[in-house]
Every structure is written in structure tokens, then in C-alpha cells.
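Subject: A structure for you to look at

Hello,

Here is the structure I promised to pass on. Please open it and keep it beside this email as you read.

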Amino acid sequence: MKHTLSILLQNESGALVRVAGLFAARHVNIDALTVAATHDPAVSQLTLVLHGDEGTLQQILRQLRKLVDVLDANSLSLVGSRDGSRLTATPA
């Protein structure tokens, strides 16, 4: 199943490498990756897409939140019917 993650990350040298290394260590491919600045120059917004089952997603979220550079990590999922869909953040 396809999952989208939203991560707030300290804008420091090596932070992105540590996040990507977590995925590599678990043999999970990152399908898409976008990094953007936030209103705070010390924080970056990281959005990534991956494929995996629910167990893999939950494990990655728990381990992401343990990284010192990660300020927040959430799974974004599409909820609702075809005509009334909305995007929600799941802190799980």
C-alpha cells in the first residue's frame, strides 16, 4: 500500500541522511521525496511517499520519532468516498 509521510526536521547537516538511512536499513524504498523550507529557517518540511504494509508504516513512524533531528512525523492518508474525500494526518 502507498503511504505519504510528513516530517518536520531540524535543518542541520546530515539530518536528511539519517532519515534516509532509517529507510535503507529496513529495506524500504522511498518513491518520492520533497524537502521545503518553513517559516522557521531552522526547520525543514520533508514529505515522502513509500510502499509498505501497515506494520512497516507504524514501525517507521515510531523509529522516525526517536531520531534527534525529527521534530514531528505523521502519516497522511486519504479518507472518505470518491466525492467527499479529504486529507487527514494520522499521528499513529
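The chain holds two helices and five strands. Starting at the N terminus, their order is β-α-β-β-α-β-β. Please remember that this is a predicted model.

First, some totals. The chain has 92 residues, and 29% of them are buried. Its accessible surface is about 5700 Å². Carbon and sulfur atoms account for 55% of that surface.

**The strands around β3**

Begin with strand β3, residues 43–51. It pairs with β1, residues 2–10, in the antiparallel sense. Nine bridges join β1 and β3. One of the pairs to find is L9 in β1 with S44 in β3.

β3 also pairs with β2, residues 30–37. Here, too, the strands run antiparallel, and there are seven bridges. I30 has L50 as its bridge partner in β3. A36 stands opposite Q45 in β3. Between β2 and β3 the chain makes a hairpin of five residues.

Which residues does S44 touch, leaving out those up to four places away in sequence? They are I7, L8, L9, N11, V35, A36 and T38. S44 itself sits in strand β3. S44 counts as buried because its relative accessibility is 10%, and the limit for buried is under 20%.

Now look across at T34, in strand β2. T34 touches Q45, L46 and T47, again not counting residues up to four places away in sequence. T34 and L46 are twelve residues apart along the chain, yet their C-alpha atoms are separated by 5.8 Å. Is T34 buried, partly exposed or exposed? With a relative accessible area of 48%, T34 is partly exposed. Exposed would need over 50%.

L33 is also in strand β2. L33 has 44% relative accessibility, so it counts as partly exposed.

Keep one general point in mind here. In a regular strand, side chains alternate between the two faces of the sheet.

**The core**

Next, go inside. The largest nonpolar core has 17 residues. Which of them touch the most other members? The answer is L5, I7, V19, F23 and L64. Several elements give two or more residues to this core: β1, α1, β3, α2 and β4. On the chain, α2 covers residues 54–66 and β4 covers 70–79.

L64 is then in contact with L5, I7, V19, L22, F23, V70 and A73.

**The salt bridge**

How many salt bridges are there? The count is one. R18 forms it with D69. The closest N and O atoms are 2.5 Å apart.

R18 is partly exposed, because its relative accessible area is 39%. D69 has 4% relative accessibility, so it counts as buried.

**A loop residue**

Last, find H27. H27 lies in the loop between α1, residues 15–25, and β2. Its phi is positive, at about 55°, although H27 is not a glycine. Is H27 buried or exposed? Its relative accessibility is 74%, so H27 counts as exposed.

**Where to look**

- Show L5, I7, V19, F23 and L64 in the core.
- Find the salt bridge from R18 to D69.
- End at H27, with its positive phi.

Best wishes

Key
Residues numbered from 1 in each chain as written. Predicted model: local features only at pLDDT ≥ 70, side-chain atom pairs only at ≥ 80, totals over all residues. Heavy atoms only, no water. Pairing = 2+ DSSP bridges. Helix = DSSP H or I, 4+ residues; strand = E, 2+ residues; numbered from the N terminus. Buried < 20%, exposed > 50% of the residue type's maximum accessible area, 1.4 Å probe, protein only. Core = buried A, V, L, I, M, F, W, Y, C linked by side-chain atoms within 4.5 Å. Contact = heavy atoms within 4.5 Å. Areas by Shrake-Rupley, 256 points an atom, 1.4 Å probe, with all protein chains shown as cover. Salt bridge = Lys/Arg side-chain N within 4 Å of Asp/Glu carboxyl O.
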